[in-house]
Amino acid sequence: NYKLLIEIFKIIDYRESKQIMARNGLKPLSKVIPLVKTIFISLFFECDISFVVEELKNKSELREGLNFEAFLEAQEIYDRLSRVDPVKLENTVNSILNKT
C-alpha cells in the first residue's frame, strides 16, 4: 500500500500536475499539495484527517518518506475543502489522470 501511495504522490508532485492544478484555480500550490496528499493518506488508510495531521506533525521520518515539504492543520484542511468547487476538483483530477 505504501508503495502505491508513493507513486500517487510522485504524480501529484509532477510539474505538469501542478500546472493543471493552478490552471484550474486550485491555489496556492504550497497549500493545495499538502492538502491533497493528506486527503489521499486519510482515504487510503481509512482514518480521520486529524489523525493523519497529528502523525505528520509528530513523525519527521513520515513527512520525509512521503515527501511532505509542509503540512496543514486539520482545521485549515476542513476550511479549504469547504470552499473547493467539486466540479473544478473533479476536472483537475481527470486532467491529471489523462496526462499520466
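Which glycine follows H2, and is its phi positive or negative? The residue is glycine 25, and its phi is positive, near 85 degrees. The model described here is a predicted one.

Helix H2 covers residues 15–23. Within this helix, Ser17, Ile20 and Met21 are buried. Viewed down the axis of H2, the buried residues fall within an arc of 100 degrees, so they line one face of the helix. An α-helix has 3.6 residues a turn, so residues three or four places apart point the same way. The face of H2 that is turned away from the buried side carries Arg15 and Arg23, which are exposed. On the buried side, the packing partners are helix H1 (2–13), helix H3 (29–45) and helix H7 (86–99).

The loop between H2 and H3 holds proline 28. The peptide bond that leads from lysine 27 to proline 28 is cis, and its omega is near -10 degrees.

Next comes helix H3, where threonine 38 has its place. Is threonine 38 buried or exposed? Its relative accessible area is 0%, so threonine 38 is buried, the cut-off for that term being under 20%. A polar atom of the threonine 38 side chain lies 2.7 Å from the backbone oxygen of proline 34. Neighbours within four places in sequence aside, threonine 38 is in contact with Ile49, Val52, Val53, Leu56, Phe68 and Ile77.

Glutamate 46 is not a glycine, yet its phi is positive, about 50 degrees. With 74% relative accessibility, glutamate 46 counts as exposed. Asparagine 67 sits in another loop, between helix H5 (60–65) and H6. Asparagine 67 is likewise not a glycine and has a positive phi, of about 60 degrees. Its relative accessible area is 41%, and asparagine 67 is partly exposed.

Helix H6 is the place of aspartate 79. This residue counts as partly exposed, at 35% relative accessibility. Aspartate 79 is 72 residues from glutamate 7 in sequence, and the two are 27 Å apart in space, C-alpha to C-alpha.

Rolling a probe the size of a water molecule over the atoms shows where empty space is left. The largest pocket contains about 580 Å³ of space. It is lined by 25 residues, and the closest of them to the pocket centre are Leu26, Val32, Leu35, Val36 and Leu89. Two or more lining residues come from each of H1, H2, H3, helix H6 (74–83) and H7. Sorted by class, the lining of the largest pocket has 17 nonpolar, three polar and five charged residues.

The second largest pocket has a volume of about 190 Å³. Which element gives the most to the lining of the second largest pocket? H3 does, with five residues. Among the residues that line this pocket are Asp13, Lys18, Leu29, Ile33, Pro34 and Lys37. Asn67 and Phe68 also belong to the lining of the second largest pocket. Asparagine 67 is the loop residue with the positive phi, and Phe68 is one of the contacts of threonine 38.

Conventions: Residues numbered from 1 in each chain as written. Predicted model: local features only at pLDDT ≥ 70, side-chain atom pairs only at ≥ 80, totals over all residues. Heavy atoms only, no water. Buried < 20%, exposed > 50% of the residue type's maximum accessible area, 1.4 Å probe, protein only. Helix = DSSP H or I, 4+ residues; strand = E, 2+ residues; numbered from the N terminus. Arc of directions from axis to C-beta. Contact = heavy atoms within 4.5 Å. 1 Å grid on protein atoms, 1.4 Å probe; cavity = no way out; pocket = protein on both sides within 12 Å on 5 of 7 lines; lining within 4 Å. Points joined across faces, edges and corners; volume = space filled by probe spheres on them. Nonpolar A, V, L, I, M, F, W, Y, C, P; charged D, E, K, R; others polar. Polar contact = N/O pair within 3.5 Å; in protein donor to acceptor, adjacent residues only side chain to side chain.
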